[in-house]
Amino acid sequence: MSKNTRVPGYMQSKAARNTRGIIGDREIRFKCSLQNTILDVLRGRPGWQEVPGSQTSTQPQDGKGTKTGSTGATPSNTQNTPATSGGKTGDGDWDFYWCDREWLHQNYDTMFLHEHQKILHFRNHYELTRKNLMVKNLKRLKKQTEREQGKSEGLSFDFHPTTYELPSEYHIFVEEFKRNPGITWIMKPAAKSQGKGIFLFRRLKDITDWKKGEYQPLTDTTREVPETYVVQRYIENPYLIGGRKFDIRIYVLVVSYNPLKVWLYRDGFARFSNTRFSLDSIEDAYVHLTNVSVQKNAPDYDPEKGCKWSTMRLRQYLTAKHGSEAVKKVFKGIDNIITKGLQSVQKIIINDKHCFEMYGYDILLDSDLKPWLIEINASPSLTASGKEDYELKFGLLNDLLNVLDLENRLTGKEKRIGGWDLLWDDGPVLADDGNMECTTNGTSVTTANSFLGCHNDRKRQLREIYTSAQAIKKT
Ligand code: ADP
């Protein structure tokens, strides 16, 4: 079919469109605000066409962002920062838009989306991704659960460290502080990321300076409203490997909030701090903050070695050390965190069939192997820190597009698409017997359709599901 004769999906008759309302037989026009792995994925996808003017610059921004390591295999591997929105948007000149959050905030309320259009982010994603709001929503669902199902059910929400919002909850925090003398607390700006503005403290007087700057009664009306912080109990006993602390980055895709439909990516990574853990040096960010953006500035950071392990390697390590039963429990705990987090905002998020969101969950294990939710990101970094990281992110994003299936090549009934497993579909999803392949040691480990840290033979799996979907569609 020549380009000129193609008719946009939304202009085709209903019969000509496929039944799921997605684009028919023509190229898919995309826009992308970021210049990193996602842009490579979109540009490399057969049948996808970039909307002219959707980027100001198509060149990598040299000298910015994380270095690619020795491989140089990361053509658009620059910052996770917006390039430009550019061009008309929301007018039907695109089918798929990987936009930045700022763009969505500015435009969502006034734009009209056609039936087939897909856009990254839900309107009020910050309900889950601002540190203070996440905790508020979790506390509310916990209370509701206790009321409706009893106190013991509420225990399943005890996975985030005690947290208070400042300045609004300063006085309650001080009471809690006095009840627990000597423990360590961590202060974090509610809406910042990459470890910015974070510090640890043990004495109230350590936050006097912060209080002086931020927490003053607003008698002076010209003064800006103080920035919201959260103060959180610091996990003093993290699980250590080689004496170093780490947290786990997990990718979760929500394609609908009503009903809630959630996919979990089986790959991810553990991010290690570069320096051995100790509670003696609470002012040392290289010891306590595992963000790559912090660690890569450590004086002895080695970009060749990096500071990441794949989640599969971590799972194998834990299994060898603690046995599969203990590890099964850890990963079940992580599944619980993922779903409870999303359920806590399910009724608040403005659901829109055009929107999807890929979250980056940050989970920390303590020395008892208990998983703790640290935070949830709406824009997890897609900038690769080396060849392996690039491959992980390239596969992750390609499979995300496979799940969204704008090409309408699948049946819509799949429980696994490449590296993504359907975790929740208006209720928990169970694994098929034939799908019990979470084998770090050759045995199946779970009945939930959750395979975090398991073998990701995504290419083989994609071949299989596309062949089978084609056969089903023919009949
Ligand atoms: P940011 O959004 O700036 O990355 P995070 O809440 O993710 O802020 O915290 C940054 C890092 O600090 C985490 O990756 C983790 O290593 C560490 N950290 C944060 N909160 C805690 C906590 N309560 N206990 C232990 N470590 C924490």
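In the predicted model, Val51 occupies the loop that connects β2 (48-50) with β3 (96-98). The relative accessibility of Val51 is 9%, below the 20% cut-off, and the residue therefore counts as buried. Tyr97 is 46 residues away from Val51 along the chain, and the C-alpha atoms of the two residues are separated by 9.8 Å.

Two further loops contain cis peptide bonds. The bond from Leu166 to Pro167 is cis, with omega near 5°, and Pro167 is placed in the loop between β5 (163-166) and α6 (170-179). A cis bond also leads from Asn258 to Pro259, here with omega near 0°; Pro259 belongs to the loop between β10 and β11 (260-272). Most peptide bonds are trans.

Backbone phi angles were also examined. Most residues other than glycine have a negative phi. Leu369, although not a glycine, has a positive phi of about 65°. Leu369 is located in the loop between β13 (355-365) and β14. With a relative accessibility of 12%, Leu369 falls under the 20% limit and so counts as buried. A positive phi, near 60°, is also found for Asp426, again a residue other than glycine. The loop that holds Asp426 runs between β16 (420-425) and α13 (458-474). Asp426 has a relative accessible area of 57%, which is over 50%, and is therefore classed as exposed.

The ligand sits in the largest cavity. The shell around the ligand comprises 24 residues, of which Lys131, Gly195, Thr290, Asn291 and Glu375 are the closest. By class, this shell consists of ten charged, seven polar and seven nonpolar residues. At least two shell residues are supplied by each of the strands β6 (185-189), β8 (229-233), β10 (244-257) and β14 (371-377).

An N or O atom in the side chain of Glu375 is 2.4 Å from an oxygen atom of the ligand. In the case of Thr290, a polar side-chain atom lies 2.7 Å from a ligand oxygen atom. Arg233 takes part through a polar backbone atom, which is 3.1 Å from a nitrogen atom of the ligand.

Methods: Residues numbered from 1 in each chain as written. Predicted model: local features only at pLDDT ≥ 70, side-chain atom pairs only at ≥ 80, totals over all residues. Heavy atoms only, no water. Near = heavy atom within 4 Å. Polar contact = N/O pair within 3.5 Å; in protein donor to acceptor, adjacent residues only side chain to side chain. 1 Å grid on protein atoms, 1.4 Å probe; cavity = no way out; pocket = protein on both sides within 12 Å on 5 of 7 lines; lining within 4 Å. Sits in = over half its atoms within 2 Å of the grid points. Helix = DSSP H or I, 4+ residues; strand = E, 2+ residues; numbered from the N terminus. Nonpolar A, V, L, I, M, F, W, Y, C, P; charged D, E, K, R; others polar. Buried < 20%, exposed > 50% of the residue type's maximum accessible area, 1.4 Å probe, protein only.
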